[in-house]
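Please open the structure in your viewer and keep the selection tool at hand.

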Amino acid sequence: MQFQNEKESVLIIDFGSQLTKLIARRIRELGVYSEVITPRELIKYKDYHNIKGIILSGGPSTVTEKKFQTIPKKIFNKKIPILGICYGLQLISKILGGKIKPSKKRREFGRAFLIKKKKSLLIKNFLKSKISVWMSHEDAVVKLPNNFKIIASTKNSKLTIIENSKKKIYGVQFHPEVTHTDNGKQIFKNFLFLICKVKKRWNVKYQKKKLIKVIRNVVKKDKVICALSGGVDSSVVALLINKAVKKRLICIMVNNGLMRKNEFKYTYNIFKKKYKLNVKLIDSSKLFLKKLKDVSNPEKKRKIIGNLFVQIFEKESKKNKNIKYLAQGTLYPDIIESKSSTGSKTSKIKSHHNVGGLPKKMNLRIIEPLKEFFKDEVRILGSSLGLVKSINYKHPFPGPGLGIRIIGNITRERIRILQEADYIFINELIKSNLYDKIWQAYAALLPVKTVGVMGDSRTYENICLLRAVTSEDGMTADYFSFPKNFLDSISNKIINNVRGVNRVVYDITSKPPSTIELE
Ligand code: XMP
């Protein structure tokens, strides 16, 4: 189910940078299809007919050592425009005869100021005289490759943007893909539309029609099973497959008792009553609670919840012999993450990105209709399928649910307390028009009690922690700055309405050094 037959595509060669996903996303946002491949995959790549540009990503490797990640030199003779970013620039320079040195003097991390030296199509409307860019490099190019010119420099590194305009080969030492680079998107716009001369053709809504056709052709007369959690990804998968094969889709909703307040019922009603999907409910909340009794280790909790889910799901799928396919909401970033840039098979899709790491012996064939899309594209798909806003724009929610937000032991009473507090928090965010400004927000219960005073009596109750972060993809995050009056009122509302909480705290750490979840 790949779109290799896109009319025009931009290849991104991943040298292992955490930022490669962002490059691909920037290109897609500009309406051009892009595909991330490893240097090893590039060697095997034969058909270049639709490749209109190649971008070489950054990466942790260094061309100053004997062994380094590289690409065949013949790529530069294919008359396809090439843009190297950070390590990509250094690699272009190395292959084409320049010199690169590890240099304490020239290394740059964080903000740097770019000064224009020459005109270039690549910097049109980007760099007039001086602009702030984001750097992260230790090595620096110290001698230009043959037939290249310097377009811009910083104080520390002379060769910050270089070009061979005749051969359409460009290199930038900074990272235009990150938002810390002012107007970085313009670099991609110039590369795509002025240099590669591609057209804006990538359109998620158009892909929807293609996808439905592909699913229909693959599934034929068989049945598909799908674990529906009520998150964006599984919801879009369910609607998409339903459009393709109608009643031959069976959605399974497993209630583990660790969902947000009213969430399970709400999701069920939407999919069963509004969309009339074939939804089967399985209430296993008692079983989950029993298995989690006295378990406080977060990884143990994750394992127990994941394994139970698999067992229940497996049992269900065996009940109907005609079920041949299992639909999963794997996204493109998961696919990129699962390939290592060296081509080894060591890094697999994180188990929490699919259905709890299902065993192979299930004998079900996997279909992953969203594996070409980024989250924001999935949301476009969702709205074009008529998915309600409350689900389409819902914050991410982890598979183990409240299980990893109740720090320490999980009991029925602690689930109740957390559900109430979280419900108030989320609803207040919605009412105050803050929900959509935040990437993820939740309440958690800490494993300590503290003293309080309510009325004339002393209390000894739970601490409720609130967390709200802004983020682009969950890899890094900043805590959200609430207005003081919001914090005052939310603390008040939780204390007054949730029996069992006498203290509310707000987490003001970013990721890194913290993570988004507490466990
Ligand atoms: P962290 O805590 O690693 O979270 O900063 C990053 C994102 O991943 C989600 N997350 C999980 N999702 N199962 C999931 O399905 C998990 O075990 C899990 N742990 C973290 C987290 O909610 C955030 O969106």
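A residue is called exposed here when its relative accessible area is over 50%, and buried when that area is under 20%. Keep in mind as you click around that this is a predicted model.

**Stop one: helix α13.** Select glutamate 428 and lysine 431, which both lie in helix α13, three residues apart, or about one turn of the helix. Show their side chains and you will find a salt bridge, with the closest N and O atoms 3.2 Å apart. Is lysine 431 buried or exposed? Its relative accessible area is 63%, so lysine 431 is exposed. Glutamate 428 is at 9% relative accessibility and therefore counts as buried.

**Stop two: glutamate 316 and lysine 319.** Next, select this pair, whose side chains meet in a salt bridge at 3.1 Å, N to O. Glutamate 316 has a relative accessible area of 9%, so it is buried. With 55%, lysine 319 is exposed.

**Stop three: a link across the chain.** Now select glutamate 263 and lysine 394, which form a salt bridge with an N to O distance of 2.9 Å. Which parts of the chain does this pair link? The two ends are distant parts of the chain, 131 residues apart: glutamate 263 sits in helix α7 (residues 263-274), while lysine 394 is in the loop between α12 (389-392) and α13 (412-431). Glutamate 263 has 16% relative accessibility and so counts as buried. Lysine 394, at 9% relative accessible area, is buried.

**Stop four: a network.** Select Arg25, Arg26, Glu29, Lys185, Asp376 and Glu472 together, and you will see residues linked in a network of salt bridges. To put this in context, the model holds 25 salt bridges, counting a side-chain nitrogen of Lys or Arg within 4 Å of a carboxyl oxygen of Asp or Glu.

**Last stop: a positive patch.** Switch to a surface view and select Lys99, Lys101, Lys105, Arg106 and Lys143, which form a positive surface patch. Where is lysine 105 found? Lysine 105 is in the loop between β5 (99-102) and β6 (108-116). Its relative accessible area is 73%, so lysine 105 is exposed.

Methods. Residues numbered from 1 in each chain as written. Predicted model: local features only at pLDDT ≥ 70, side-chain atom pairs only at ≥ 80, totals over all residues. Heavy atoms only, no water. Patch = residues over 30% accessible without salt bridge, like charges linked within 9 Å, V, L, I, M, F, W, Y side chains within 5 Å. Areas by Shrake-Rupley, 256 points an atom, 1.4 Å probe, with all protein chains shown as cover. Lys, Arg positive; Asp, Glu negative; His and termini not counted. Charge placed at Lys NZ, Arg CZ, Asp CG, Glu CD. Helix = DSSP H or I, 4+ residues; strand = E, 2+ residues; numbered from the N terminus. Buried < 20%, exposed > 50% of the residue type's maximum accessible area, 1.4 Å probe, protein only.
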